[in-house]
Structures are given as C-alpha cells and as structure tokens.
Amino acid sequence: MKRRIPLLITFVVGSVLILSVFFPPAESWGEDFSIFFDIIAVFAFFLGGGNLVRIHGKKLFTRKSDWGFSVVTLAGFFVMLLAGLFKVGNPAGMAGDVTAAGSFFQMLYEWIFNPLGASMYALLAFYVASASYRAFRAKNVDATILLVAAFIILLGRTPLGMYATAWIPDSFSILQIPNLAIWIMTSPNMAGQRAIMIGIALGVVSMSLRLILGVERTYLGVDSE
Amino acid sequence: MGFWEIFGVWLAALLTLGIISFLYRDNAFYKACEAIFVGISAGYWAITYFWDNLYRKFYLQVSDPAGTEKYVPWIGFVLGILMLTRLFKKIGWLSRWPLAFIIGATAGLYMMTYFVSNAMVQISASILPVFEGSFGDIITNLLVSGGTFCGLVYFFFSKEHKGVFGGAARVGIWVLMLTFGASFGYTVMSRMSLMLGRLDFLFGDWLKLIK
Amino acid sequence: MRSRRPPIAAFVPSLFILNLIPFIFLTAVAQSDLGTGESTAMVSPEPPTGVIALDHVYDCGEMIDISWTLSAADTAGGPVTGYEIFRAEADSFVSVSVLPLGTNTYSDEKIIAGTPYRYRVAALYTGGAVLSEITSPVSAGTEIINWNLLNLFVIGLFVCGAVIYYITHAKRGKKLFIRKIAGLEAIDEAIGRATEMGRPILFVPGINDMDDVQTIAGITILGKVAQVVAAYDIKINMPVSRSLVMTTARETIKEAYIGAGRPDAYNDDMVRYVTDEQFGYVAAVDGVMVREKPATCFYLGAFFAESLILAETGNSIGAIQIAGTAQPAQLPFFVAACDYTLIGEELFAASAYLSNEPKQLGSLKGQDVGKFVAMAAIIIGVIAATLAEFGAGSFFVELNDIMHKLFTVEN
Amino acid sequence: MKRTELIVYFLIVAFLLAAYFFFPKPLNFSAAVSIIIVIIMALAFILVFVRTIQGHFIGRRMVFVFVGVALLLPFFMQFKLPLQISPEVRSAYDALVNLPPGSRVLASYDYDPPSAPELQPMADAFIKYCFDHDLKVIIMGLWPQGPQQANLSIEAAFRENPPLRNNIKYGVDYVNLGFQSGNEFVILRMGESFKAMFPTDLYNTPYDSIPLLKNIRNYSNVDMSFNFSAGRPGAVEWVQVAVDRYGLRIASCNTAVQAPQVYPYLESGQLLGLLGGMSGAAEFEDLTGKAGKASTYILSQSFAHVVVILFIIIGNVAFFREKRTKVD
C-alpha cells in the first residue's frame, strides 16, 4: 500500500499532464504545477537548511577538525537569515523589497555573495586553459577531430588566423581560417547539435514512460511493510 | 569614498583573492571563503524561498480577496506539509506522496516539452532540399543532413555497431567530436573575459592601478 | 509546450483607458475627415477592405484573429504609415493596437471569452486615418480539443506505443540485444578502484532541482551505483544543492542498502545539503574533492558553467570521472576533462542499461524505434524536398508538403 | 603549512600592500617596457617548449601562471591592437550617428555582472556618445541587475567628463526606468504603453512627472533602440516582438557566445547593427573615438587566447614526446 499509492500518483499526474497539451482548457495545468513545486520547495528547505545547521552544529560541538569554519558558515547563514527576515536597514522598512538598495541584506549580497560568486565563475578562465592543454591531444582519431575543430575555431577568433591564411585565393575563401571557423560553427556543429537534441528528446520520452508506468521506481525508497 | 564603501571594496577584494588562491592549492584562506560563501548563500536562498515563494506565491495569493483559483497554492501547501512528515518516523512514508507527485509531473511535462522542441522542431528543420545553391552549399547541406543521420545512428542502442551500420556510427561519433571541439573553442574567449572582470576589480577598484 | 498567455487586459487597466483618450480623439478626427474631406491638405488614402474577425481556434477563448486586405495606398513611399485596430463591445470603438504598415493580421488577446465584439481597422496616414467597414460580432469560444496538434498526437502515440510495446514485450522474456555503453561499463571498474584505494565515491546530481528530468535521471543512476556501493561497503559522499534532491537521494541510497541486506550501514549523512547557490555549491564540492580525495567522481544531471570547474578539480586529484548531462553546451567540457561521458540520450538510458531488467531494456529498444522514425523522416523529407525542387512531379511536392505538416507543431 | 609557502603568502600580501600605498596610479608601462615584457613572455614560452621536447612536462599550475600573466599585464600596456572595423559594427554606429540631436534612444540593459566585461564597455561607450551628442536616453532592464549596470555606465561617463555632471540632467536628458519582470511580455506590452510596464522609474518617481517621458507613449515615440544582452530575454526577443510587431529600429550588443544566434537577424535586416563580444566593443570604442575598457580588454583577451593556442601545441608536443619515450 505504502508504495502503491505513490506509484498511482506518479501515473495519474504524469499521464494527465502529457494529455493536457491536447486540451486547451487544461493547458495551464503545467503552470499550476510550477506553483505547487515552488511551495513544496519551501518546505523541503526546512529539511535542507536543517541538515546544514545540524551538520555544522555537530562539527562545532564535537570539535571536529576545522570546526572553526563551521562557525563561520553558521554565522553567515543566520546573519543573512535575520537580515532578510526582518529587512534590517531597509530604507522602506518592512514594506520595502527585501533586495532594496541600502538594506543590510543587499549590502551583504554586494560585498560578499557577488564577489565570491564572480570569482568562482572566473576560475574558469584558468581551467579552460589547463583543460585545453591536457585534453586536446592527438591520441586517436576521435581526439584528433576534437583537437582540430577546437584549434581552427580558436585560431579563427584571433587576427592570427586571418594573417596565416590570407594568401589563399578568394575563390577558395572557405579555406581561410576565419571563414572555415564560421562554417564549422554553422554546419557540422549544427548537425551534431541536432543529433544530440533529437536523441535527448527520445531518451526523455523513454525515461518518462518508465517512471510513469512504474517500471523505474528506485527513487521511491523502501517499502517497510 | 566613505569608510563603509572602502570597507566593502577591501572585503570583496580579500574574498576574491581567497577564491583565486585555490588555483594553487587548498588552504585556510580558501576554506574561510568557502565557509562564508556556503553560509551566506544558503541564507540568501532561504530568504528568497521565504519572501518569493511562501509570501508572494502562497500567502499573497490565498489572502487576496479578489483572487480566483485560490485552491491552487493550497494544494502546494498540503503537499509541502506532507513533505515534512519525514521528520516523524511513524508517518514518514507520507513524504513519498509529494515526491511521487513531483516526479510524475516532471516526467509528464518534460516529455512533451522535449518531444516538441527537441525532436519535432529539429526534424522539421532538417527537411530541406539538398541540391540548392552553389556547389559549396550543396556539400554543406549534404553534410548537415548526413551528419545528423549518422549522429542518430551512433545513439542506437539495440543494434550492434558493425558493418555499414558501425561505419555510420563511427562517422556519427566524429560529427559529435567536431561539435564538441568547436563549441569548446568557441567558449574560450568569453571564459577569459570573466577573469578580466575580477582583475579589473582587484587592480582598478581596489588597488587603483588601472584607470 | 504551450503556456497560458497572461491576461494582458488585467495589466493596469486604468492607465490603459487613459492612454486611449488620444486614440478616441484621433478616431473622431478621422471620421470627421471622411465627412468633409477638407481638414488635411492630403487626399485620404483608401481604407483597408475585407476585414474579417474570427475566433482563434483551439484555445481557451483567449484570442480573436483579425485579418484584412491592405489599403491600396500601402506601398513603398505611399501615404499610409500604419494600421490601428478598433474594437467595440457595444457602440463605442476603442483602440486596441497600432501596427506597422504592411501588416494584415492581428490577434486580439485583450478580450473576455464569450463576449461578442465588433472590429474595424483604420489605415493611418500623416494627418488622419481612414476606417474600414465594421465586422459582424464575433466572440471567443473555448474548444475542448486542439485538433491542430493532431500530428503531434499521432507521432507521439506511435513513439510512446513503441516504448510501451517493447516494455511489455520484454516482460514475456524475449532476449534483447543492447550495445555496450563505455561510460556505463566503466562504472563497475570505477567503483572497484574506490574499494581498492579505500577512498570514497563522490556523486554530484547536477545543480537543478527535482523538477528537471536530468536530475531524475541522475538519481535513477544513483540507485544502481548505490547497490554496488552497499554491497562493497564503500563510502559514498553526496553533497547536493537542492533540499528535495537531498530527500530523494536519501530514500534511494537507503533502498539500496536495505536491498543489500545491510540497513545498519546506511547513514543519513551520506547525503548532505550544501546550498542552492550555483557557485557556493561548487566552492564546497571543490573543497570536498581536494580534502577527501575521492577515487571516483560521478557528475550526472543538469550542469551549467560549473561543469569544467568540477571536472578540472576532479582531474587534479587523479579521480576517475564519469559525467553525463543533457545540457548540450556543457558536454564539450565533460568530454574534454572526464574519463567517460554519457552524451545526452545515454544519460537517460543509463539506469535502464544498468538495471539489466528486461522491461527496462525493452524501453531502450522502444526509443530506438523513435530514432528510426526521426531518421526515416529526415531521409524521406530531404529526398522529397530535393526532388520537389527539381520539379520531379507532383507526388514529391505533396510528399514534401506532408512531411513538413507532419513534423511542424503549430501553436 | 610549509615555511616556504608562508613566505610566498607574505610576499604576495607585501606586494599588494606596496601596490596599494606606493605604486603610481594609474600604473602605465612605457612602450619599451611593454615590448620587453612581451619578449620575456615569448622567451618563457620557447623555454617551456624546449623543456617539453627534452621530456620535462609542465604542470597545470604553470599553465595558470601563464594565463594569469597574459590576462593581467596588458592592463598596464600602452599597445593598441590594430582593429578592422567590421561592417555590422559600422552600421550600428552609423545608425546612431545619423540621429539628429534631441532624438530619443531606448537602451535596454539585459545582463548581469558576470557578462559585464564584454557588455559594459559597449554600454559605457554608448552612453558617452549619447551624452556628448545630446541624445536622450531611456534606460530599462529585463534582467534584475541591468539598471544598476546602466548606472555604472552613467557614472563612468560623468567621471570621464566632469562638466557633464552639471549639464546632463536626470529626467530631462536620461531616465532609468528600472527592471520589470516578465521577459518578452514586457516588450510586448511596451508596444502599447511604456507606462503600463513602468508606472514609476527606478527611484519611484511617477512616469508622468518625468519631463523626458512626457510625449513618450510607446515604441513609435522613440527613434532608435540599443539592446545590451547576454542571453534570454535579450536581442532575440526584442527582434521577435518589438521589431517584427512594432517596427522598432534596433541595434544589438551581445556577448561573443550569444552573437551567432543573433547574426541571422542582421542578415535579414531586422537589426540595424550588431556589436559582438569584446572585439565588437573595441571596434565601437574605436569608432566613437574614446578608448575605453574594451580596448584594454581585447588585448588581454587576445594574449590569453594565444596562450591557450600555444599550450595546445605544447600539449601535443608533450604527447608525442611521451609516446616516443614509451616506444623507446
């Protein structure tokens, strides 16, 4: 029983939403789902946030190694929570938007959250280089194609590519690296993207059907009966 | 600049340096930044959930006297409460209901979205006359249609990749590799500009070495 | 997927009415122009003709479509500057929209279903406007079934039918061949490596919530990985960025441990919530990687810019990395930096492949039928389109037409 | 922590503090120094290359150092990359130049800080041009942080040309309407009425009490539009809704990643012009005659790009060298 009802729910909800596409009066049900989901996510956060506090609290009280950092995490979490819940320093008081300029919440966002996020994102500049250095090697046919495509596109985006192949006569201008780069992006690249996208669509159809029909049910956990 | 602005710039600069130091190796400075980031951002999302979802999408909707369809947020609310039954051993199994609901709905919704926008649209976009335009265009058209076809052959699961079929699958893999190489190379430049933003902040806004 | 159009009429109605005043005034001027024909120096151009208003089909009474024949003076360099649509519920016409010249259709969405409306279209020119005839009343109605999507229904039914057919077919014990998928064959090897080295396994299910199918696909693979993990008693470490994913992953791993007959070995701390924030989560996972040095990293789910940050850090600690995502933009980074990558469709096929159950494998055969349909459609379509282009006979022209109609989803 | 490591940290902090307190501001390398630096970098590469051929492979940290140096040093150099103005940038610029003084330009800021390195220079150059040539700017944003980015542009224009601070008046010469959620629906409804979407500006001033907006009801009252966008909603939505439905004249400024999706609209004539990525920004700065951030950024970006290309070559040398060692 404890397992059959969830399976039934999945089946009914899934098939109804698939069919709703074909019935204009039911068209908006998908959007209603997103509202349900947003509200469920709030309650789920009680579990997630609770887990965060519990893990770091445990580290702190058992004085595990690096417990000092747990203090920092907890402090950050609660400071942000209080600043946001009570809209501390908000120029418009409780009536204002929580992210209003000048509020403590927004200041924390600008001084701490934003630079940290942007810096983490920026690490990609370095990783993209180290990955190119390591991965683009002519180990076999596949890797060589990967390498050549990447190399042509990279060259095509610098003046270097233009100078290197400027001698090619205009009747073969497609072979000039900048043109070749554009051609790769618009032609073979499109073919590959299309194959991937169509494949994904069919994979999703098949997996969704497995879920809706209850063939795939690992996520449902244990039947304690 | 007032004290608080200078303080904010310094704080942001130190945090930026802390994150960048991870490139060398893990260190206490990075750990501190990580701890701050996790705490602050979890708090940020908690607040977003509270004001955006619970307050705006639930409370304001159900308390709006003019609102129609008030029952919609309530269904979400009940499912959310069921989610919390996990905290109690005896009725914890009830939390699978909202989960089953979410998975069913996601499966149903995505199935149609993907089928329309990824499969149908792409197939209809592929149906084009091949022998059109210049010689180069014809080659390109053939390549795009053939490439898509071979790419799909590669994804076939229930047939062994042998003989002609295997050859097509092989070409399919090459097309995919070409695609990946091209997209990778294409993104390098914009990834570089991300770091430029941070360097500009560090050496301009903070150290004032750049105009 | 079609989405509900927001009720535009609900948007700041009072301001809207204020804005209409100049229009009404303009209309009045235009009408008086027609009567006297003297207030402007210019001769007024011909009005639009043949105005038709029809209920937009296959919707929920949200739209009325208006079409007309362009004013004869709507030419390059001609006097017409655009068109204005007027609508009346009772007697007074109000302006609905102004459109650029050359337009001959408009869909009015600011209507109430069931109310009859009349329309007229004005051709605007410098100094005035000329009005068309008034249409007969039309009201927007609700249709129960969207027949426009019949082609989608038929093709969808065929593909879904194939999947379901092979699922039930396989149940009856027919052996199915499924080719090897390298990334999935490697899972056992990767877990074995963790056992040998006595190091944990890191599992990252992407950064999206449970309302993304990719996350669900990741979780279903987790179910299979956890079975092996439970059997060999390896430590699995799963930091997640969404609370719902945390609860689902816990259920899944617990199930695997109970299945392996070792429920005591399961511990809720195997899965822990970090933060919803994309880069905050990445910062923490990077920290976990360099500190705990997992032997194997799985990245299966929806990934964005963080894909390469994770994969490069994982590479620096020498972990075996198996990735899979359906984000086409991130696949190149995984392919470049990971040992194995499940490309798009393979991610969704993975749990079926790993389960080795006939039913699940049957669904893979079913989706191959879908691929066959796609390939056949492309070949037939391309041939028909090419031959039709060469004038190879009306058969190909029609076939080309049919193929386009079959795969074009109208909204 | 190892002692050497501590010393390195200490040195870095000391250097930064020295830079903060003692370095000349702004720091500029003379042309000779710049050339020497480039030569040193080239030599370093040759060294790495030779070492690799000898069988000593460099690690990822060395790659990081090279990328970091390549990104940072051009900030202080006085080089100017020779630029070839591409036709799409030229046409965007021409469209702006042909506007008579007093024309009203709508500027939509549809991006957030991570895309700022590419888009901010375009936006800055655009605002400067408008302020210098008496074009009235109406700013809005479809991304929450867009209007803040616009304020940065305005601040930059004032900083560069202080007298503008007195001459350019908020509400008369420019206005910032702020952010409105709703993506393409905002664009759609603006076709009827700006005011319906923006009842007040960013600072809660009612729409009607702003002089600049007096006679502006919808797209038909603006002369041109510039869109700075990094994704969705952005240029594509503007074209599909505002251009196709309401005939707005629009030039679009995009990140390099987004540009290919926008090019088709340029070819079809739905866009007046297009600025793509850092090179687009640098060319635009070149045309407006005010070298800004992009002119520096493009140098850094090109350097880093070349570094990546060279490392791919070195990586392959390393690979073949390794293979040969194994065969031996």
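Visitor: What area is buried between chain B and chain A, and how much of it do carbon and sulfur atoms give?

Guide: Welcome! In this predicted model, about 9800 Å² is buried between chain B and chain A, and carbon and sulfur atoms give 83% of that area. On the chain B side, Ile40(B), Tyr44(B) and Arg96(B) lose the most area to chain A, together 7% of what that side buries.

Visitor: How many residues does each chain bring to the contact?

Guide: Chain B brings 102 residues and chain A brings 101 residues.

Visitor: Why is the pair Arg170(B) and Asp142(A) called a salt bridge?

Guide: The closest N and O atoms of Arg170(B) and Asp142(A) are 2.9 Å apart. The cut-off is 4 Å between a side-chain nitrogen of Lys or Arg and a carboxyl oxygen of Asp or Glu, so this pair qualifies. The count between chain B and chain A is three salt bridges, and 16 residue pairs are in polar contact, both residues at pLDDT 80 or more.

Visitor: Which elements of chain B give two or more residues to the side that touches chain A?

Guide: They are helix 1 (3–20), helix 2 (28–63), helix 3 (71–84), helix 4 (96–126), helix 5 (135–155) and helix 6 (163–206) of chain B. The residues of that side divide into 73 nonpolar, 22 polar and seven charged.

Visitor: What domains is chain B divided into?

Guide: The assignment gives domain 1 (1–67), domain 2 (71–127) and domain 3 (130–211) of chain B. Taken over C-alpha atoms, the centres of domain 2 and domain 3 of chain B are separated by 32 Å.

Technical notes
Residues are numbered from 1 along each chain as its sequence is written. Chains are lettered from A and ligands numbered from 1 in the order in which they are written. This is a predicted model: local features need pLDDT of at least 70, side-chain atom pairs count only at pLDDT 80 or more; totals for chains, interfaces and linings use all residues. Side-chain values use heavy atoms; hydrogens and water are left out. Contact means heavy atoms within 4.5 Å. Buried area is the accessible area (1.4 Å probe) that two parts lose on being put together, summed over both. A polar contact is a pair of N or O atoms within 3.5 Å; within protein, one must be able to donate a hydrogen and the other to accept it, and residues adjacent in sequence count only if both atoms are side-chain atoms. Helices (H or I, at least four residues) and strands (E, at least two) are DSSP runs, numbered from the N terminus. Ala, Val, Leu, Ile, Met, Phe, Trp, Tyr, Cys and Pro count as nonpolar, Asp, Glu, Lys and Arg as charged, and the others, Gly among them, as polar. Domain bounds come from an automatic or database domain assignment.
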